[in-house]
Amino acid sequence: MADSKNEVQDIVCYSPFMITTNGIWQGDNPLNYSLPLLILQVMLVVIATRIFVFILKPIRQPRVIAEILGGILLGPSVLGRNKTFADAVFPLRSVMVIETMANVGLLYFLFLVGVEMDVSSLRRVGRKAVAIAIAAFPVLARILAELKLVNTEIGRVALSSALINDMCSWILLAIAIAVSEHEKPTFASLMVLLSSVAFVAFHIFIVKPAIFWIIRKTPEGVMISGFMTDFIGTHSVFGAFVFGMTIPHGPLALALVEKLEDFVSGLLLPLFFAISGLKTNIALVTGFFTWGTLILLVVLACIGKIAGTIIAAVYYQMSLTEGAALGLLMNTKGLVEVILLNIGRDSKLLDEGSFAIMVIMTVLMTAIIVPGISAIYKPSSKGFISYKRRTIQMSKKDAEFRVLVCIHTPRNVPTMINLLEASNPTKKSPICIYVLHLVELSGRTSALLIVHNSTRPDHPALNRTRAQSDHIINAFENYEQHADHVSVQPLTAISPYSTMHEDICNLAEDKRVAFIIIPFHKQQTVDGGMEVTNMAFRTVNQNVLANAPCSVGILVDRGLNGSNRMAADQVCHNVAVLFFGGPDDREALSYGWRMSEHQGISLTVMRFVPGEDIVGPRMNPSQNQDEPRILTVETDEDTEKQLDEKLINWFMESHANDDSIIYIEKMVNNGEETVAAIRSLGDVHGLFIVGRGQGMISPLTAGLTDWSECPELGAIGDLLASSDFVATASVMVVQQYIGAGSEGDWLGTPDGTTLTNEEFVNQISYHSTPPKGHTVFNTEHL
């Protein structure tokens with residue numbers, strides 16, 4: 001009898017003809033075959049997930065919520081309640097196949113988590129992160145990226161806390177799996193734990209030194225590690241995670257993430273979360289008392305974590321708001337929780353009802369994070385108080401000049417480098433350049449800001465984006481090596497064009513830069529015309545102008561003496577500043593002033609003054625008086641005129657005996673005469689610097705805005721950038737930062753001190769004419 005039982009247990013039924021179908025025309029039902037059924041199941045999971053992603057996008061929920069809800073939709077809670085649908089699409093015989101595929105996706109995702117996990121970052125955050133470590137790393141990383149908090153202090157603390165939590169969780173998970181296999185600890189359990197420790201040591205001391213060779217020769221290392229941990233009795237994902245952590249950070253890790261992330265995160269991983277949703281039967285959670293208890297548990301769990309986090313945050317001198325925000329972030333539930341729930345269900349530690357309750361709790365506790373953070377924590381509110389040198393005019397002449405240079409394509413690089421060299425880096429005032437390569441988000445689940453290290457890649461680029469980044473980085477590093485008093489920090493921002501300005505502005509404020517340079521959305525054609533590169537670039541520029549925390553310059557690139565590598569003594573540019581008056585023009589003159597200190601720069605300043613019978617410039621009354629960027633009708637026009645006069649005379653006094661400076665005053669009566677005066681400068685200049693002139697309407701530019709193509713450049717900037725204006729010179733259109741409150745009233749002086757408008761006006765005696773004895777300055781009438 002025992003023999004017959006053994007024979008029955010050893011019987012395996014398998015038909016090789018049940019994998020693929022011969023088609024409906026042969027009378028086959030495709031759903032009776034494993035491959036067509038698997039394809040249909042994957043399609044339904046992806047479609048259901050994408051539907052929930054679209055629905056939840058306005059409230060910025062993480063993808064894990066959409067993936068679990070997609071599984072719940074297809075499972076016994078909703079569509080699976082229909083027995084016909086459940087038996088046809090998700091029959092019991094197909095469960096093993098789809099769960100195997102889902103676990104393969106989980107295997108590779110945990111490998112990617114290990115690759116992206118930088119343990120060295122713990123040293124930079126220290127005990128603060130250890131005290132708060134109660135979150136899920138992968139999901140939290142995507143929530144922080146969605147909230148634009150990755151590069152903030154609170155984001156770094158939260159990620160480091162989650163990193164510690166996940167490392168501890170995987171260790172405890174390995175122990176729990178080893179113990180759960182047996183009702184009480186045995187010799188086998190001890191051997192599982194010892195084998196796991198030996199496995200980790202093997203990867204640290206044997207695998208890691210040889211990891212480059214292994215990856216080059218066989219990309220199957222993930223599967224090998226997973227098999228080894230399954231073989232010794234630990235969950236296979238533990239092996240994949242450890243193997244990922246042994247991959248050194250650098251080009252190799254970035255290449256692995258880039259190759260695997262789209263397929264794993266976009267297709268395989270949703271299957272795992274959807275399987276958890278398919279196993280969840282919400283119908284088992286019945287009764288008002290049960291739901292009330294569930295909600296109470298969620299509230300108490302959240303309050304407990306928030307309270308504990310606030311205590312730890314206050315102890316480390318963080319604000320209550322930051323502590324509460326961290327507490328919400330620490331409620332994030334992720335892979336570890338879902339894996340534990342599945343293990344508990346498979347081990348019969350959780351019944352179907354308890355499993356459903358725990359899954360609902362996981363979804364609810366993670367879903368409240370983004371709305372809660374958005375309500376109580378405003379990262380922008382901490383800004384605009386941390387630094388005051390937000391303009392070129394306010395920057396000290398004996399201090400570091402910080403510039404954020406935005407690059408779309410390598411074509412922007414040569415002129416940008418020559419412009420920066422012409423900006424006169426000196427020992428007293430070196431230039432710190434943050435080079436930001438702007439890349440449209442495509443294929444990733446969340447935006448990303450990459451800080452590149454100084455080491456150059458030792459491998460060929462894997463795609464066009466990486467090749468462009470390498471080209472840009474190499475060009476600026478080459479410039480840094482051959483230039484004096486210049487430091488370069490390359491970065492890459494990967495985000496949608498609609499929010500790209502947020503990355504630019506946040507980085508500018510975080511790095512405390514005084515000037516942002518962004519490329520114009522048009523480029524010069526062979527015949528000298530201007531064609532649109534990408535209209536999305538224009539939207540980015542407009543958003544930056546409206547939200548920048550410092551001064552902004554839009555560079556219309558028509559070449560600036562071509563070469564992308566010039567020594568300091570080789571620089572030779574003729575620069576012209578067109579001055580009409582107002583804060584933007586003062587900023588333009590300040591930039592030209594800085595350039596004029598360079599021995600290779602010849603500067604021409606053309607000031608336009610109204611004729612005898614013309615009414616002076618007036619402010620635009622249609623502007624919103626609450627807008628901090630725009631001057632309003634309440635602004636004292638006489639003070640503005642005096643500020644212009646003082647800066648001009650200050651500039652003239654500082655360069656009274658400098659033959660490389662030419663000052664010209666043009667009296668004009670209308671826009672037509674203004675255009676004629678600009679044309680009279682000829683084509684000897686390689687760069688025009690003009691103010692945007694926002695908030696002012698002047699008779700000197702009357703009529704020029706009637707056919708304006710790009711109002712964001714202002715009347716004069718649009719004229720110089722248009723294809724109709726025959727010119728080969730590049731154009732820099734400058735907008736000066738004018739902040740809210742008293743900060744907008746600050747003005748810089750040539751000796752580096754800072755004065756308010758009133759102090760600036762009253763400090764120097766009024767000069768109605770240029771200094772006597774100067775032969776370079778002249779006044780002309782039209």
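Is phenylalanine 515 buried or exposed, going by its relative accessibility? I looked that up before anything else, keeping in mind that this is a predicted model. Phenylalanine 515 comes out at 0% relative accessibility, so I'm logging it as buried.

Next I went through the aromatic pairs. I have seven of them in the structure. One involves phenylalanine 515 again: its ring pairs with that of tyrosine 591, with the centres 5.2 Å apart.

Then I checked where the two partners lie. Phenylalanine 515 is in strand S5 (residues 515-519), while tyrosine 591 belongs to helix H24 (residues 583-596). They are 76 residues apart in sequence, so the pair ties together separate parts of the chain. Tyrosine 591 has 1% relative accessibility, so I put it down as buried too.

Tryptophan 593 and phenylalanine 651 are edge-to-face, with 75° between the planes and 5.4 Å centre to centre. Tryptophan 593 is in helix H24 and phenylalanine 651 in helix H25 (residues 637-654). That's a link between distant parts of the chain, 58 residues apart.

How buried are these two? Tryptophan 593 has 7% relative accessibility, and the cut-off for buried is under 20%, so it counts as buried. Phenylalanine 651 is buried as well, at 0% relative accessible area.

Last entry, a charge over a ring. I found arginine 345 over the face of phenylalanine 355, at 5.6 Å from the ring centre.

Key. Residues are numbered from 1 along each chain as its sequence is written. This is a predicted model: local features need pLDDT of at least 70, side-chain atom pairs count only at pLDDT 80 or more; totals for chains, interfaces and linings use all residues. Side-chain values use heavy atoms; hydrogens and water are left out. Rings of Phe, Tyr and Trp (its six-membered ring) pair if their centres lie within 6.5 Å; planes under 30 degrees apart count as stacked, over 60 as edge-to-face and the rest as tilted. Helices (H or I, at least four residues) and strands (E, at least two) are DSSP runs, numbered from the N terminus. Buried means under 20% relative accessible area, exposed over 50%, partly exposed in between (1.4 Å probe, protein chains only). A charge sits over a ring if NZ of Lys or CZ of Arg is within 6 Å of the ring centre and within 35 degrees of the ring normal.
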